[in-house]
Amino acid sequence: MEEYYFRIPDVKKEPAGVTLDSDNTSLYPGFNRILEIIPVFNIILPFWSSTRLQLDTVFACLRKSVEVFQLIKGAENNDKTHINPRYINIDEEISIVAIKDMRELLDAYLSYQKETNLLLTDRDMSVIKDYMFEFVRKTDFPQKYSRLHSLMIYDNLGVAVQLAKEYDPKAKTNLCEMKIVEKRMLDRYDAGWYTSLSPTNVYADYVFAAKSYWAGDASANCKMESLFSGKYILKEL
């Protein structure tokens, strides 16, 4: 029995009317950026998890390192061992963080930045989210197939449109019907766990969402996607 789904592909990479292989078309659009961000993820992970700060606050610490060092110096001059991260991000809920932990974070990041000239942007918080899902998969669900190397397809047209904008808003795309020619892997997950996360969430929120996604649990805002590996043909709608 023939299987059909919906996909909104990048038209530059996935032409309609010919047999395509996901091995050649499914690579995550920002994969090279993920490779650059992985060392930053490893740097922030212990700080982010132990302090329970929001992700946007952790990013603000890195991007405003000069101002943060000034805050640290002022606090130390007054014999303080902690600072208020709300001076860095006014929307942060936590009101105290150890200076020692903050220094360790900044020293490690600035050392890596000096070697690579890496400059973080707000967009990189989404890259961290993508890699968090991959990190949890590798750690807790190693038998699962990676999202970063899968083709995302949908049995619901509305969900396809919504998630295509979420995942790659700048891509030039066309709405397509997709016919499966050869199926190597097809797993179904609730992308609502992914879309529910924002930069204001903390480490525990990200871990819980990623684990729930890979476990196949349903979220409060269910948006089903299928991760596909195989051959397929697209037809523009």
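Me: Which backbone nitrogen does the side chain of Asp 190 reach?

Reply: Please bear in mind that this is a predicted model. In it, the side chain of Asp 190 reaches the backbone nitrogen of Ser 219, at 2.6 Å.

Me: Where does Asp 190 lie, and which residues does Asp 190 touch?

Reply: Asp 190 belongs to strand 6, which covers residues 176–190. Leaving aside residues up to four places away in sequence, Asp 190 touches Tyr 213, Asp 217, Ala 218, Ser 219, Asn 221, Cys 222, Lys 223 and Met 224.

Me: How many salt bridges does the structure hold?

Reply: The structure holds 17 salt bridges. One of them joins Lys 179 to Glu 2, with the closest N and O atoms 3.1 Å apart. Lys 179 is in strand 6 and Glu 2 is in the segment before strand 1 (4–7), so this pair ties together parts that are 177 residues apart in sequence.

Me: Which side chain meets Arg 184 in a salt bridge?

Reply: Asp 21 meets Arg 184, at 2.7 Å from N to O. Because Asp 21 lies in strand 2 (residues 19–21) and Arg 184 in strand 6, the pair ties together parts that are 163 residues apart in sequence. Asp 21 is buried, with a relative accessible area of 17%, whereas Arg 184 is partly exposed at 37%. Moreover, Asp 21, Asp 23, Glu 182 and Arg 184 are linked in a network of salt bridges.

Me: Which parts does the salt bridge of Arg 188 tie together?

Reply: The side chain of Arg 188 meets that of Asp 155 at 2.9 Å, N to O. Arg 188 lies in strand 6 and Asp 155 in the loop between strand 5 (151–153) and helix 7 (157–167), so the pair connects parts that are 33 residues apart in sequence. Arg 188 is partly exposed at 47% relative accessibility, and Asp 155 is partly exposed at 41% relative accessible area.

Terms used. Residues numbered from 1 in each chain as written. Predicted model: local features only at pLDDT ≥ 70, side-chain atom pairs only at ≥ 80, totals over all residues. Heavy atoms only, no water. Helix = DSSP H or I, 4+ residues; strand = E, 2+ residues; numbered from the N terminus. Polar contact = N/O pair within 3.5 Å; in protein donor to acceptor, adjacent residues only side chain to side chain. Contact = heavy atoms within 4.5 Å. Salt bridge = Lys/Arg side-chain N within 4 Å of Asp/Glu carboxyl O. Buried < 20%, exposed > 50% of the residue type's maximum accessible area, 1.4 Å probe, protein only.
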